[in-house]
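Below is a short report on one protein model.

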Amino acid sequence: MADGQGVGEVRVAPDRLHAFTMAICRADGSSDQEARLVADHLVLANLYGHDSHGVGMMPAYIQNTTTGRCVRNHHAKIIKDNGAVIVIDGGVGYGQVVAKEAMDFGIERAKKHGVCVVGLTNSHHIGRIGHWAEQCARAGMVSTHWVNVHGHKSLVAPFGGAEPRYSTNPYCTAVPRKGKEPIVLDFATSQVAMGKVRVANNKKVQMEAGLLINATGDDTTEPGVMYNPPFGAILPFGLHKGGGLAVICDLLAGALTGGKTHSPRTIKDGTDIVNNMLSIIIDPAAMGGTQAFEDEVETFITWVKSAKPRPGVAEVLAPGEPERARKIDREKNGVPIDTTTWQQLIDVAAKVRLNDTEIPKIAA
Ligand code: NAD
């Protein structure tokens with residue numbers, strides 16, 4: 001993000017941020033287990049540096065539980081079962097719960113059949129997609145995930161378009177490694193995740209050029225175009241290639257799974273955040289064999305990382321490494337939260353009637 005006259009920030013120890021998030025969720029009526037899954041997910045996103053998908057989501061989540069657009073204490077339900085192909089209805093339950101349960105089902109099936117194709121439909125926001133790929137990688141599985149978003153207004157312009165037609169449609173693949181953290185490629189197919197525009201808007205800073213367009217389709221650095229009419233749009237990443245990948249995400253996650261695509265049939269101007277996800281979970285043992293796979297992964301990643309860095313680049317990194325470096329830093333120095341987001345969290349804690357003495361204690 002470009003420098004600017006931003007608002008301030010607070011640094012919060014991860015365990016206190018976790019306790020605060022859990023307390024808000026519990027006070028809102030979530031079970032302990034649900035509150036823990038939500039807090040685990042959001043705080044890890046912050047630790048990994050993806051503040052767009054961190055605890056700053058809580059006000060939107062609580063707004064949605066209040067209106068029934070996110071259903072508390074709901075669980076994933078298999079609605080179509082073909083053994084290695086399953087479809088799950090998320091029932092707009094917390095994505096942190098139903099996506100975890102969907103991956104549990106998928107991993108179990110992939111161990112049995114060598115592969116499982118999971119269609120998770122109609123889930124409330126499933127957050128950072130890498131979280132689900134990492135769950136699969138911990139079980140030794142390779143997984144790839146295609147995600148669409150509907151139920152709110154369009155955000156991202158198709159390649160060449162001057163107005164938005166879909167959302168930030170993330171894509172993710174993770175590859176487990178023997179005795180090491182997995183390779184995790186996880187990104188929005190837009191130039192930036194919408195949450196990053198929200199963070200810039202909250203911080204009152206301009207964004208870099210080349211990320212946003214205004215209502216006339218011209219370049220702008222002003223994040224406010226996504227919040228105030230006349231609305232602009234976020235550009236797709238990678239020109240026609242990223243724009244094309246975003247379209248494929250909607251088709252695979254929204255249409256193939258039996259869910260819904262982002263279209264006039266599902267667009268609302270409210271606060272719904274519905275995710276659908278097509279996941280393909282593969283057991284390496286069922287293909288070239290686990291040992292040969294692990295050996296090739298190490299050989300290739302070592303080769304890739306051995307490339308001489310370009311001027312100004314300290315080291316060639318594998319996908320997933322920048323997040324883990326940030327986690328080490330933030331565990332030590334605290335998670336930076338801009339003061340607008342922090343105030344929104346305190347406000348939402350008051351809204352769910354988190355014990356009045358507890359808020360200043362946790363937030364101090
Ligand atoms: P990003 O642009 O920061 O890209 C992150 C990916 O690029 C990671 O895999 C990272 O390891 C890799 N990477 C970054 N720098 C690297 C380097 N120097 N060398 C090698 N690899 C590098 O991510 P984003 O597009 O801002 O997305 C942020 C998060 O938002 C993701 O976790 C995504 O899943 C999530 N998201 C979720 C939704 C949803 O609807 N649930 C929508 C959009 C995005």
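## A loop lysine

Is Lys 204 buried or exposed? Lys 204 counts as exposed, because its relative accessibility is 57% and the exposed class begins over 50%. The model is a predicted one. Lys 204 sits in the loop that runs between helix 6 (194-203) and strand 8 (212-213). His 74 is 130 residues away from Lys 204 in sequence. In space, the C-alpha atoms of Lys 204 and His 74 are 36 Å apart.

## Two domains

The protein is split into domain 1 (8-67 + 334-364) and domain 2 (73-190 + 236-320). Taken over C-alpha atoms, the domain centres are 25 Å apart. The domains touch: 24 residues of domain 1 are in contact with 18 residues of domain 2.

## The nonpolar cores

The largest nonpolar core holds 32 residues. Leu 17, Ile 24, Met 58 and Tyr 94 have the most contacts inside this core. At least two residues each come from helix 1 (14-27), helix 2, helix 3 (58-67), strand 12 (335-338) and helix 10 (339-351). Helix 2 gives the largest share, seven residues. Domain 1 and domain 2 each contribute at least three residues to this core.

Which residues does Met 58 touch, leaving out those up to four places away in sequence? They are Thr 21, Ile 24, Cys 25, Val 38, Leu 42 and Leu 345. Another core, of 24 residues, lies apart from the largest one. Met 103, Ile 107, Ala 133 and Met 141 are among its residues. As a general background, nonpolar side chains in soluble globular proteins tend to be buried together.

## Helix 3 and what follows

Helix 3 has these buried residues: Met 58, Pro 59, Tyr 61, Ile 62, Asn 64 and Thr 65. What do the buried residues of helix 3 pack against? Their partners are helix 1, helix 2, helix 4 (95-113), strand 4 (115-124) and helix 10. Just after helix 3 comes Gly 68, with a positive phi of about 85 degrees.

Helix 10 also contains Ala 349. Ala 349 is buried, because its relative accessible area is 0% and the buried class covers values under 20%. Ala 349 and Ala 215 lie 134 residues apart along the chain. Their C-alpha atoms are separated by 36 Å.

At what angle do helix 2 and helix 4 pack? The angle is about 90 degrees, and the axes are 8 Å apart. Helix 2 and helix 4 are therefore roughly perpendicular, a class that spans 65 to 115 degrees. On the helix 2 side, the contact uses Glu 34, Leu 37, Val 38, His 41 and Leu 42. On the helix 4 side, it uses Gln 96, Val 97 and Lys 100. By class, this contact has four nonpolar, two polar and two charged residues.

Helix 2 (residues 32-47) also packs with helix 9 (residues 321-333), at an angle of about 100 degrees and with axes 8 Å apart. That makes helix 2 roughly perpendicular to helix 9. Leu 44, Asn 46 and Leu 47 of helix 2 meet Glu 323, Arg 326, Lys 327, Arg 330 and Glu 331 of helix 9. The contact of helix 2 with helix 9 has two nonpolar, one polar and five charged residues.

## Backbone points to check

Most residues other than glycine have a negative phi, and most peptide bonds are trans. Asn 73 has a positive phi, near 55 degrees. Asn 73 lies in the loop between helix 3 and strand 2 (77-81). Asn 73 is partly exposed, because its relative accessible area is 35% and that class lies between 20% and 50%.

Leu 239 also has a positive phi, near 50 degrees. Leu 239 belongs to helix 7 (residues 239-256). Is Leu 239 buried or exposed? Leu 239 counts as exposed, at 56% relative accessibility.

Where is the cis peptide bond that has an omega of about -5 degrees? This bond joins Pro 229 and Pro 230. Pro 230 lies in the loop between strand 9 (219-220) and strand 10 (233-234).

Technical notes:
Residues are numbered from 1 along each chain as its sequence is written. This is a predicted model: local features need pLDDT of at least 70, side-chain atom pairs count only at pLDDT 80 or more; totals for chains, interfaces and linings use all residues. Side-chain values use heavy atoms; hydrogens and water are left out. Helices (H or I, at least four residues) and strands (E, at least two) are DSSP runs, numbered from the N terminus. Buried means under 20% relative accessible area, exposed over 50%, partly exposed in between (1.4 Å probe, protein chains only). Axes are lines fitted to C-alpha atoms, for helices over the stretch in contact, and angles run from 0 to 180 degrees between N-to-C directions. Angles under 35 degrees count as roughly parallel, over 145 as roughly antiparallel, 65 to 115 as roughly perpendicular and the rest as oblique. Contact means heavy atoms within 4.5 Å. Ala, Val, Leu, Ile, Met, Phe, Trp, Tyr, Cys and Pro count as nonpolar, Asp, Glu, Lys and Arg as charged, and the others, Gly among them, as polar. A nonpolar core is a set of buried Ala, Val, Leu, Ile, Met, Phe, Trp, Tyr and Cys residues joined through side-chain atoms within 4.5 Å. Domain bounds come from an automatic or database domain assignment.
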